[in-house]
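Dear colleague,

Please find below the structure that I am handing over to you. The notes that follow set out what was found in it.

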Amino acid sequence: MALLEIRNLHASVDGTEILKGIDLDIEPGKVHAIMGPNGSGKSTLSKVLAGDERYEVTAGEIRYRGRNLLELAPEERAREGIFLGFQYPVEIPGVSNTYFLKAALNAIRKYRGQEELDAMEFLQLIRERAKTVKLDESLLQRPVNEGFSGGEKKRNEVFQLAVLEPMLAILDETDSGLDIDALRTVADGVNAMRDDERGFLVITHYQRLLEHIVPDTVHVLVNGRIVQTGGKELAEELERSGYALFDDEAA
Amino acid sequence: MSATSKTLEEVTTRGYEAGFITDIEQESAPPGLNEEIIRFISAKKEEPEWMLEWRLEAYRQWQQMPEPDWAKVNFEPIDFQAISYYAAPKERPESLDEVDPKLLETYEKLGIPMHEREMLAGVAVDAVFDSVSVATTYKDKLAEHGIVFCSMSEAIREHPELVRKYLGTVVPQGDNFFAALNSAVFSDGSFVFIPKGVKCPMELSTYFRMNAGHTGQFERTLIVAEEGASVSYLEGCTAPMRDENQLHAAVVELVALDDAQIKYSTVQNWYPGDENGKGGIYNFVTKRGLCAGDRSKISWTQVETGSSVTWKYPSCVLRGDDSVGEFYSVAVTRHRQQADTGTKMIHMGRNTRSTIVSKGISAGHGQQSYRGLVRITPKAQGARNYSQCDSMLMSSTCGAHTFPYIDVQNPTAQVEHEATTSKISDDQVFYCNQRGIDTEDAVSLIVNGFCKEVFRTLPMEFAVEAQKLLEVTLEDSVG
């Protein structure tokens, strides 16, 4: 069974159609990349998958592990194992990163009928995961994303990913704002989580990230449609030729 | 409508959890205010002649005073002759065991530590049920340190010299309209005296609870810390649900001598009225601390989610050199609640310092004003103040207003004022949702984060209580 099946997905925001019929399957254990120019609908796709109500699904369906995803509230999707690494992570003043993540993890565990982690177990877990993504431990006690640099925010997203261990991880331009060392660390963190079960949807502008997180499949999204699908070499091709090639199809 | 704004709107619809009425016999004075009533109250309390005279003088001053109308609140005029100024449970208990079980049940429902629990928590509780202190715990243990912690009525009988020396020295009888009214008819309250050099070994706590209908509650609290003494005091307040409005006009006076420290924390969730603004407490309170001695420190922390109309400015008069005043406040207004609250920091001594951190949360049709005065008098060389006023708006029908008054009369002063207004954004809530946290928990998480700077100044166990109170206030916010 596919982890994620998207059929003829149409979505709009404020009455403007952004996604114009997306079809996409992600099998367990696979890494899919979506590339495309600005405004092609990459972020909209990620928000629709996560259940942001400001995006309206006007047609089509999404099945996640056989279930109708569109029936689930955003927090239910998260508890079912969907994680979105945000392009612009928000700040939550006064709420420590640790406290936030503990609330998140325990909400997810409770939903799954697992025991909540006690303070010691939790601390041990986050310290260990912070190390794998080289997140400075001082950031654990700081309020969520407040005063973090752009790079620290993205690293924090991948840190949360490592702690919450989702089934399907959607990374929305996690590479933007990262220098090359940070990019490598983030990629290492993601690669360490790859296994036979977990699926990834990696959204990016640039081929650079895909040198480190090598995808199984690459899709090109232009003007709300997937215009081409191929292997990892497609990304390299795009790097050379740009998206101009697809302008005709997009029009 | 997005999930967030839906949630925030529904914040206004939560019921009042402490809204139950205890059914015990009350002995009340007939409604109305005149010298006879004041004599009746004084006689009931077996007060000495000087106390009665003090009350009568306050009453005479009050009669000459106009009711203040400068606060940004609107309410029906109060008929002071329709209020009963005295209510007491008929049986006077001698110890906790004799306390009416229904009373204890009331405290139980409120989660107030009374029996064994206060021992574990290290809390001594002077519980004020309407006007008479029903039970005072831990008095003996405190007495070993020379600490006096008792009801004001008892203090007037047992420690008249102390009461006489300090009563009215910080808030004089004619200070303002409501303080004068309180001075004339005050029913009970707490008295705390910490002698020279003594650090009070436990948190002192009083729970006020108004019960009888149509009665005002007029506590009078006086806390004195002598040279080098220190004390942390907490008051918690709840009132049952009633259709009519109840008046609460308390006076709290704090006196800190050289090197003394007083920390006064309030958790207040009096009945705020229903969503149409019917019922609820009028909370018109005068709280003031005098840093009389050098290097003394007075710190006010308040977490207020209740009352229909609030008019309250816990203040510090920094008379001693190097003395310190602090004010930390979280105030929530929802339904039709109105609050005009803030603080006054009066710098008189050299190198005096003050800090003001005010967090206001408005929901529903709540209206909230921060009103603060920072005054640096000519002799306050090197005085410093930092003020921060943050408002969070949770609906499109609520309001937040800031009225900072800054009066600097000495060129060496440093005064800073910062203010922000924010809303809980859909993005923040969605971010929490995406991590598995439902909207109700997300709102509570974000609001608690907003209030954190204030919560961290509360004594540990009360910080937890305040956080819970805020959660309960925002509970059922998701339909």
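**The interface of chain B and chain A**

The side chains of Asp427(B) and Arg54(A) meet in a salt bridge, with N to O at 2.8 Å; the term denotes a side-chain nitrogen of Lys or Arg within 4 Å of a carboxyl oxygen of Asp or Glu. Side chains of opposite charge can pair when their charged atoms come close. Please note that this is a predicted model, in which local features need pLDDT of at least 70 and side-chain atom pairs count only at pLDDT 80 or more, while totals for chains, interfaces and linings use all residues; side-chain values use heavy atoms, leaving out hydrogens and water. Residues are numbered from 1 along each chain as its sequence is written, and chains are lettered from A and ligands numbered from 1 in the order in which they are written.

Between chain B and chain A the count is 3 salt bridges. Across this interface there are also 12 residue pairs in polar contact, both residues being at pLDDT 80 or more. A polar contact is a pair of N or O atoms within 3.5 Å; within protein, one must be able to donate a hydrogen and the other to accept it, and residues adjacent in sequence count only if both atoms are side-chain atoms.

On the side of chain B that touches chain A, the elements giving two or more residues are helix H10 (426–434) and helix H11 (439–455) of chain B. Helices here are DSSP runs (H or I, at least four residues) and strands likewise (E, at least two), numbered from the N terminus. H10(B) provides the largest share of that side, 8 residues. By class, the side divides into 8 nonpolar, 8 polar and 5 charged residues. Ala, Val, Leu, Ile, Met, Phe, Trp, Tyr, Cys and Pro count as nonpolar, Asp, Glu, Lys and Arg as charged, and the others, Gly among them, as polar.

In total, 21 residues of chain B are in contact (heavy atoms within 4.5 Å) with 33 residues of chain A. The area buried between the two chains is about 2,100 Å², of which carbon and sulfur atoms give 62%. Buried area is the accessible area (1.4 Å probe) that two parts lose on being put together, summed over both. Phe430(B), Tyr431(B) and Arg435(B) supply 36% of the area that chain B buries against chain A, more than any other three residues.

**Elsewhere in the structure**

Over all chains, the structure holds 27 salt bridges. One of them joins Glu137(A) to Arg127(A), whose closest N and O atoms are 3.3 Å apart.

Gly197(B) lies in the loop between strand E6 (190–194) and strand E7 (203–209) of chain B.

Yours sincerely
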